[in-house]
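This briefing goes through one protein structure by topic. Look at the sequence and the model first, then read the points below.

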Amino acid sequence: MSHNTTEEIKIRRYRLPDHLSWFIEQQLDKIGFSLATPKSLAQTILHQSDFYIRHPYGETPWKEHWAQAAQLAYYFPLNWIRAQAILDRGEEVGFWNNLKSYLEFGSGLGPFTCQNRYFNKGLCIEPSLEAQSVARNLAHHFGITRPLTWNVRFEKTASIDVAVFSYILTELPQLPPWIYEVKSLVFAEPSTQDDGRRLMNLRERLIKDGYYPYAPCVHSNTCPLLIESKKDWCHDRVLFDAPPWWLEMEEYLPMKNRTVTFSYLLMKKEKPDLKKENMGRLVGDCLVEKGKTRQMVCRSSRREFLSWLHKEAEKFELPRGEMVSIPEDEIRKGTEIRIRKSPKLGLS
Ligand SMILES: C[S@@+](CC[C@H](N)C(=O)[O-])C[C@H]1O[C@@H](n2cnc3c(N)ncnc32)[C@H](O)[C@@H]1O
């Protein structure tokens, strides 16, 4: 039986570079915090998290030092990792090809702006001048050389190739109407049931408006989780190799981030050119049951699982979030597509 190598079958793994930890420490020092006092940092994060729960549509209180500390030490690093993972997912399906100028809307500290890839021009819309100031330092620290502009609100400018909305929909009463003029759209949202399902509904609306999904969906049919489930929501997961200061900080937090989860959506007005037939995306974790493993796979409006019987198949794991080739001669058992060996991963 042919199998993927151990290296290939792992869920993608991300880490924070040491230089970012150093930068965060310098910035925290200016507002009276430090990575060396993890308990007080954790308190700022709990405070910020409570704020988001109590004010689901409230704006991040950037004027407060505690909020700046929480954003710097916790929310930005996580969203920077999510941005990398989303860039990687999009790269696999050619989403970023020819996208040169971008707009990061509600950019905060700029998790997408602080990525050294693809773009040659960036516009950040961020109402908070405090956030803008730290974001400029961060972009400089990451050695971003493309021309960058920060504005407090969006005004019609020269055309933009792609608009990015990262963790911002919860702070907006409604989507700005100009987005429909932008040919490519990127959304990253918390992987909660409410936010994930809202994004699934937004996908349906964008499809009606002439957009095609590039990722995570490999099809433009109605999302199977909208048709066949009232509670499931689509989300992705990557591994996070946290630095020691992060682990110390997490000891004072109820939430642990050995994996980083997110819901995301990449849409374009141009039809995707996925040359391979019978592709699906693994949208669930491996569910090990008695004698069998199942894993949700998405390729159409049906809610389906790849499944393999332990007595028939050699032991293997499939990494959540990746694309898979579903065997042409598939054997169906209800919602399950029974396989005996690890399917081929990725598009190549
Ligand atoms: C939860 S933060 C996310 C920041 C960043 N996008 C990220 O992924 O880390 C939401 C950001 O949206 C900004 N914001 C709130 N209302 C906005 C609006 N009407 N227009 C643009 N940005 C807004 C806030 O100031 C805040 O920085």
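Strand β6 (residues 184–189) is mostly covered, since six of its six residues are buried; buried means under 20% relative accessible area, exposed means over 50%, and partly exposed lies in between (1.4 Å probe, protein chains only). The model is a predicted one, in which local features need pLDDT of at least 70 and side-chain atom pairs count only at pLDDT 80 or more, while totals for chains, interfaces and linings use all residues. Residues are numbered from 1 along each chain as its sequence is written, and side-chain values use heavy atoms, with hydrogens and water left out. Helices (H or I, at least four residues) and strands (E, at least two) are DSSP runs, numbered from the N terminus.

- Strand β5 (residues 162–166) runs parallel to β6 and is joined to it by five bridges; two strands pair if DSSP finds at least two bridges between them.
- Phenylalanine 165 has phenylalanine 187 of β6 as its bridge partner.
- Strand β9 (residues 259–268) pairs with β6 in the antiparallel sense, over six bridges.
- The bridge partner of phenylalanine 187 in β9 is leucine 265.

**Packing of helices**

- Two packed helices are described by the angle between their axes and the distance between the axes.
- Axes are lines fitted to C-alpha atoms, for helices over the stretch in contact, and angles run from 0 to 180 degrees between N-to-C directions.
- Helix α2 (residues 18–30) packs with helix α4 (residues 65–92) at an angle of about 155°, and their axes are 9 Å apart.
- α2 and α4 are therefore roughly antiparallel (under 35 degrees counts as roughly parallel, over 145 as roughly antiparallel, 65 to 115 as roughly perpendicular and the rest as oblique).
- On the α2 side the contact is made by Leu20, Ile24, Gln27 and Leu28, and on the α4 side by Ala69, Leu72, Ala73, Phe76, Pro77 and Trp80; contact means heavy atoms within 4.5 Å.
- The residues of this contact of α2 with α4 are nine nonpolar, one polar and no charged (Ala, Val, Leu, Ile, Met, Phe, Trp, Tyr, Cys and Pro count as nonpolar, Asp, Glu, Lys and Arg as charged, and the others, Gly among them, as polar).
- Helix α3 (residues 38–54) packs with α4 at about 100°, with axes 8 Å apart, which makes α3 roughly perpendicular to α4.
- Residues making the contact of α3 with α4 include Leu41, Ile45 and Phe51 of α3 and Trp66, Ala70 and Tyr74 of α4.
- By class, the contact of α3 with α4 has eleven nonpolar, five polar and no charged residues.

**Single residues**

- Serine 101 is in strand β2 (residues 101–105) and is buried, because its relative accessible area is 11%.
- Leaving aside neighbours within four places in sequence, serine 101 is in contact with Asn120, Lys121, Ser159, Ile160, Asp161 and Val162.
- Arginine 237, in strand β8 (residues 236–241), counts as buried because its relative accessibility is 19%.
- Leaving aside neighbours within four places in sequence, the contacts of arginine 237 include Ile11, Arg89, Asp285 and Arg320.
- Asparagine 201, in helix α6 (residues 193–208), counts as partly exposed because its relative accessibility is 43%.
- Asparagine 201 and glutamate 189 are twelve residues apart along the chain, and their C-alpha atoms are separated by 13 Å.
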